[in-house]
Amino acid sequence: PRGGGVRAGYHITLYLPGGLTSVRRQAALASFVFLVILGFCLIIAVLGYQVAMRNQMQVSPVLEISMMWPYMAIPVGAGLTAIEAVLLLLASVGRVFKPE
């Protein structure tokens, strides 16, 4: 499928039979999951940025570039995943408060 794992629902999912929970409860559970993903991504982004800054003086022996650039993949990836989690969180919160 196109898109990342968060958008496709591959990161953290909990499948419950439709008869056990209402649509509103399923949306509330999805909102909680996206909130957890968002929190995790923000922590990884902050810690990844700190690691990248600590390694900015280290130079790659072959490319002769600062190792900060390869390490920046961690906070950038976590930040992009956090943006997707926010969009999905807003959509699921909208389903929680949507009148039936």
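These legends go with close-up views of a predicted model.

Residues are numbered from 1 along each chain as its sequence is written, and side-chain values use heavy atoms, leaving out hydrogens and water. Local features need pLDDT of at least 70 and side-chain atom pairs count only at pLDDT 80 or more, while totals for chains, interfaces and linings use all residues.

**View A. Asn55 in the loop between helix 2 and helix 3.** At 18% relative accessibility, Asn55 counts as buried (under 20% relative accessible area; exposed is over 50%, partly exposed in between; 1.4 Å probe, protein chains only). Its side chain reaches the backbone oxygen of Val51 at 2.9 Å. Leaving aside residues up to four places away in sequence, Asn55 touches Ser66, Met67, Met68 and Tyr71 (contact: heavy atoms within 4.5 Å).

**View B. Glu64 and its positive phi.** Glu64 sits in the loop between helix 2 (23-54) and helix 3 (68-71); helices are DSSP runs of H or I, at least four residues, numbered from the N terminus. Phi of Glu64 is near 55 degrees. Most residues other than glycine have a negative phi. Glu64 is exposed, with a relative accessible area of 64%.

**View C. Leu63, exposed in the loop between helix 2 and helix 3.** Leu63 has 61% relative accessibility.

**View D. Helix 4, residues 73-96.** From first C-alpha to last, the 24 residues of helix 4 reach 34 Å, close to the 34 Å expected at 1.5 Å a residue (expected span: 1.5 Å times one less than the number of residues). Buried residues in helix 4 include Pro75, Glu84, Leu88 and Val96.

Key. Helix = DSSP H or I, 4+ residues; strand = E, 2+ residues; numbered from the N terminus. Polar contact = N/O pair within 3.5 Å; in protein donor to acceptor, adjacent residues only side chain to side chain.
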